[in-house]
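Subject: Handover of a structure and the findings so far

Dear colleague,

Please find below the structure that I am handing over to you. My findings follow it.

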Amino acid sequence: MAPQRGIDEDTAGGQLAVFLVELTRQTPVRELSDRFGRSSSTWGNYLNGSTLIPRQLVGRLVESFTAPGSTRNTKAVRGLELWKAAEAERRASRSPSAGGELVRGRQRRDDALQQVVKYRAVAANAENHLAELRPMLAHTQSRLEHAELRLRLGDERERARAERALGQARERLGRVRVQQELARRRRMTAEEQQEFWMTEVLSAQEEISRLEREVRDLVTVPPGPLDPVRRDAADAVDDADFEARLEHITAEGLEDEALIEEDLQHLRPPPADPVQPLSSPALDKPALDKPATSGGRRLGQTLAWRRFVLPFPLLGVTAFLYWACQEAAFSRIGGWAVIPATVLCLPVLYGSLRATTVRKLPARVAAPLLHIAWSALLVLDQLPWPPPGTGAR
């Protein structure tokens with residue numbers, strides 16, 4: 001049905017409303033409410049221009065009521081231009097008075113309080129579901145254990161019957177665990193929403209206090225107390241209505257999840273413009289590949305230099321240090337040359353192994369083993385060995 005209120009086509013909001021009416025092809029507001037959410041009165045206000053429609057809904061209407069192709073793109077661009085003009089007109093027509101800000105602040109606080117009460121009810125419902133699912137889970141677990149016991153102790157005829165009961169018990173246990181996990185997630189989401197809206201309440205209250213100090217002559221009527229939502233849950237589990245209770249919990253959980261998802265969609269940022277900028281991947285690709293190719297070439301050159309050039313000087317320095325310590329051991333200080341060899345040669349030997357791309361752990365093991373072998377041979381050479389050829393005949 002067409003909107004009941006006349007459309008002022010001289011304003012940007014009226015032009016947007018005319019565009020929406022022509023786009024929806026006189027679709028009843030009840031059908032629009034069922035398909036896209038929100039109440040019928042809200043859609044009536046969208047279509048007569050008294051309320052600005054959200055930006056994301058314009059894109060969804062264009063996609064739903066327009067065939068794919070150039071026509072859809074043209075209408076998407078046109079709808080976006082009309083929405084931006086209506087939004088600018090709405091911002092320009094806002095009253096800058098402090099009284100209007102105070103009224104909006106109170107409305108914001110009241111809306112946040114209603115959201116807190118709603119999510120408290122959702123959290124309480126999820127808590128009741130968890131309390132109801134716990135005995136059901138224990139009952140199902142006991143049935144499963146009983147079926148497993150019968151399967152182990154029964155004969156062939158009883159074994160088939162026990163296997164069927166075991167399969168039913170496992171399937172029911174899986175359903176109960178799934179619903180328990182969903183209820184736990186709903187409770188956590190509801191608690192997060194409560195914290196968010198309580199923060200919104202405090203922010204609105206601070207804004208109201210600031211505005212009340214500026215506007216002393218406004219008379220406000222405090223909102224009436226809101227009755228909390230209470231739900232009672234029975235702890236006993238009756239096997240006769242087990243399936244009915246599980247289906248009831250599933251249905252209520254889906255309703256709560258739909259409610260949470262609808263509010264989360266309102267909190268998400270609006271999507272980007274439907275018209276995407278043109279790009280040329282063929283022209284952009286060489287510019288992206290060139291630095292990667294040059295960087296890979298430099299990395300390969302660095303690894304090759306480290307692997308084939310750097311180890312030889314380090315190995316030469318290591319060999320020279322060990323030779324010098326061995327000559328000093330035979331000339332002056334004897335076996336005590338192991339101490340300066342450990343201080344000087346062992347770090348250089350470890351660095352030489354690491355430079356030849358040996359991993360850290362093998363290098364830490366190999367360097368001390370080689371040094372210990374050299375030290376043992378050096379100490380053994382200091383013993384008074386008999387000259388060659390003078391042994392006993």
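Which residue just after helix 3 takes a positive phi? The residue is Gly-49, with a phi of about 85 degrees.

Before the remaining findings, a note on the basis of the values. The model is predicted, so local features need a pLDDT of at least 70 and side-chain atom pairs count only at pLDDT 80 or more, whereas totals for chains, interfaces and linings use all residues. Residues are numbered from 1 along each chain as its sequence is written, and side-chain values use heavy atoms, with hydrogens and water left out.

Overall composition

The protein contains 12 helices and 0 strands; helices (H or I, at least four residues) and strands (E, at least two) are DSSP runs, numbered from the N terminus. Of its 393 residues, 28% count as buried, where buried means under 20% relative accessible area, exposed over 50%, and partly exposed in between (1.4 Å probe, protein chains only). The accessible surface comes to about 25,900 Å², and carbon and sulfur atoms account for 58% of that surface. These areas come from the Shrake-Rupley method with a 1.4 Å probe, and for residues only the protein chains shown count as cover. Among contacts (heavy atoms within 4.5 Å) between residues at least 6 apart in sequence, 74% join residues at least 24 apart.

Helices 2 and 3

Most residues other than glycine have a negative phi. Arg-38, in the loop between helix 2 and helix 3, has a positive phi near 70 degrees. Its relative accessibility is 23%, so Arg-38 counts as partly exposed.

Two packed helices are described by the angle between their axes and the distance between the axes. The axes are lines fitted to C-alpha atoms, for helices over the stretch in contact, and angles run from 0 to 180 degrees between N-to-C directions. The axes of helix 2 and helix 3 come within 8 Å and cross at roughly 110 degrees. The two helices are therefore roughly perpendicular to each other; angles under 35 degrees count as roughly parallel, over 145 as roughly antiparallel, 65 to 115 as roughly perpendicular and the rest as oblique. On the helix 2 side, Val-29, Arg-30, Leu-32, Ser-33 and Phe-36 meet Ser-40, Trp-43, Gly-44 and Leu-47 of helix 3. By class, this contact has 5 nonpolar, 3 polar and 1 charged residues. For these classes, Ala, Val, Leu, Ile, Met, Phe, Trp, Tyr, Cys and Pro count as nonpolar, Asp, Glu, Lys and Arg as charged, and the others, Gly among them, as polar.

Helix 3 spans residues 40-48, and its buried residues are Trp-43, Gly-44, Tyr-46, Leu-47 and Asn-48. These buried residues pack against helix 1 (12-24), helix 2 (29-36) and helix 4.

Helices 4 and 5

Helix 4 (residues 55-65) and helix 5 (residues 70-92) pack with their axes 10 Å apart, at an angle of about 155 degrees. That angle makes helix 4 roughly antiparallel to helix 5. Arg-55, Val-58, Val-62 and Glu-63 of helix 4 form the contact with Arg-72, Lys-75, Ala-76, Gly-79, Leu-80, Trp-83 and Lys-84 of helix 5. By class, the contact has 5 nonpolar, 1 polar and 5 charged residues.

Helix 11 (residues 338-355) and helix 12 (residues 360-381) have axes that come within 9 Å and cross at roughly 145 degrees. By class, their contact has 14 nonpolar, 3 polar and 3 charged residues.

Ala-366 of helix 12 is partly exposed, with a relative accessible area of 28%. Ala-366 and Leu-349 are 17 residues apart in sequence, and their C-alpha atoms are 9.4 Å apart.

Helix 10 (residues 311-333) holds Ala-324, which counts as partly exposed at 31% relative accessibility. The C-alpha atoms of Ala-324 and Ala-341, 17 residues apart along the chain, are separated by 9.0 Å. Gly-316 is also found in helix 10 and counts as partly exposed at 39% relative accessibility.

With kind regards
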